[in-house]
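Trainee: Could you walk me through how to read some features of a model like this one?

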Amino acid sequence: MSDWLYSETVKEHFTSPKNVLTEDEAAFAPDARGQTGNIKCGDQMLMLLKIKDDVITDVRWRTYGCASAIASTSMLSETIKGMNIEDAYKIRPEDLVEKLGGLPNSKIHCSVLGDKALREAVNDYLEKTGRAGLFVEVAAVICNCLGITDKDIENAYQNGAHNWEQLQMATKIGTVCGGCREKAEELLHGFEHIYGD
């Protein structure tokens, strides 16, 4: 019986990650740069893109993170090569988890780092090309009873709601049926790794 909790795809992308930045950032000469995470939590992500005619022609990345963060970003880097920036901007962490053959529930938040760094890089490119704000990030509804989205939870986290009780006070989430608690707490855990305290 194997002690490895990850799929073979995760194992491959962790042990042999694709498109890692090995050269100096200036030598890669990116058209776009995105960085997210909090080094105090041990998770930080840098994403560099080369773009021609709004198509991602090359990508490099570097992370301080766990096996799930490394594998997710490696998969993301392979997925977005040759992709239009608008389509790349729409990639969600769930898409990467599916391509990897799943991740343990406690590690799902790690796939958010690459996703956020990619959107930061695309936003950087749009700003440099005079098109800031062209793409709008789509919010996912977490609490169906009250219509509370992942963006609402992220905003609440940034305003000091760092645990379930604080989140409930800030948004009233979970006060109707409570079925959203697990997903909301996963998001809080992920935002802790992105923003820290």
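This is a predicted model: local features need pLDDT of at least 70, side-chain atom pairs count only at pLDDT 80 or more; totals for chains, interfaces and linings use all residues.

Trainee: Let's take Cys177: is it buried or exposed?

Mentor: Buried means under 20% relative accessible area, exposed over 50%, and partly exposed in between, with a 1.4 Å probe and protein chains only. Cys177 has a relative accessible area of 58%, so it is exposed. Cys177 sits in the loop between helix H8 (164-171) and helix H9 (181-195); helices (H or I, at least four residues) and strands (E, at least two) are DSSP runs, numbered from the N terminus.

Residues are numbered from 1 along each chain as its sequence is written, and side-chain values use heavy atoms, leaving out hydrogens and water.

Trainee: And Thr63, buried or exposed?

Mentor: Thr63 has a relative accessible area of 15%, so it is buried. Thr63 belongs to strand S3 (residues 55-64). A polar atom of its side chain lies 2.8 Å from the backbone oxygen of Gln44. That's a polar contact: N or O atoms within 3.5 Å, where within protein one must be able to donate a hydrogen and the other to accept it, and residues adjacent in sequence count only if both atoms are side-chain atoms.

Trainee: Which residues of helix H7 are buried?

Mentor: First the general idea: an α-helix has 3.6 residues a turn, so residues three or four places apart point the same way. In H7 (residues 150-158), the buried ones are Asp150, Ile153, Glu154, Ala156 and Tyr157. They span an arc of only 160° around the axis, so they lie on the same side of H7; the arc is taken from the directions from the helix axis to the C-beta atoms. At the N-terminal end, Thr149 caps H7, with a side-chain oxygen 3.2 Å from the backbone nitrogen of Lys151. Just after H7, Gly160 has a positive phi of about 110°.

Trainee: How many residues are in the largest nonpolar core?

Mentor: In soluble globular proteins, nonpolar side chains tend to be buried together. Here the largest nonpolar core has 49 residues, and Leu49, Ile80, Ile153, Leu167 and Ile173 have the most contacts inside it. Helix H6 gives the most to this core, eight residues. The core is a set of buried Ala, Val, Leu, Ile, Met, Phe, Trp, Tyr and Cys residues joined through side-chain atoms within 4.5 Å.

Trainee: How many aromatic pairs are there?

Mentor: Four. Rings of Phe, Tyr and Trp (its six-membered ring) pair if their centres lie within 6.5 Å; planes under 30 degrees apart count as stacked, over 60 as edge-to-face and the rest as tilted. Tyr89 and Phe135 have ring centres 5.4 Å apart and planes at 55°, so that pair is tilted. It links distant parts of the chain, 46 residues apart: Tyr89 is in helix H4 (residues 85-89), and Phe135 in the loop between helix H6 (111-128) and strand S4 (141-143). Tyr89 counts as buried at 7% relative accessibility, and Phe135 does at 14%. Elsewhere, Tyr157, Phe191 and Tyr195 form one aromatic cluster.
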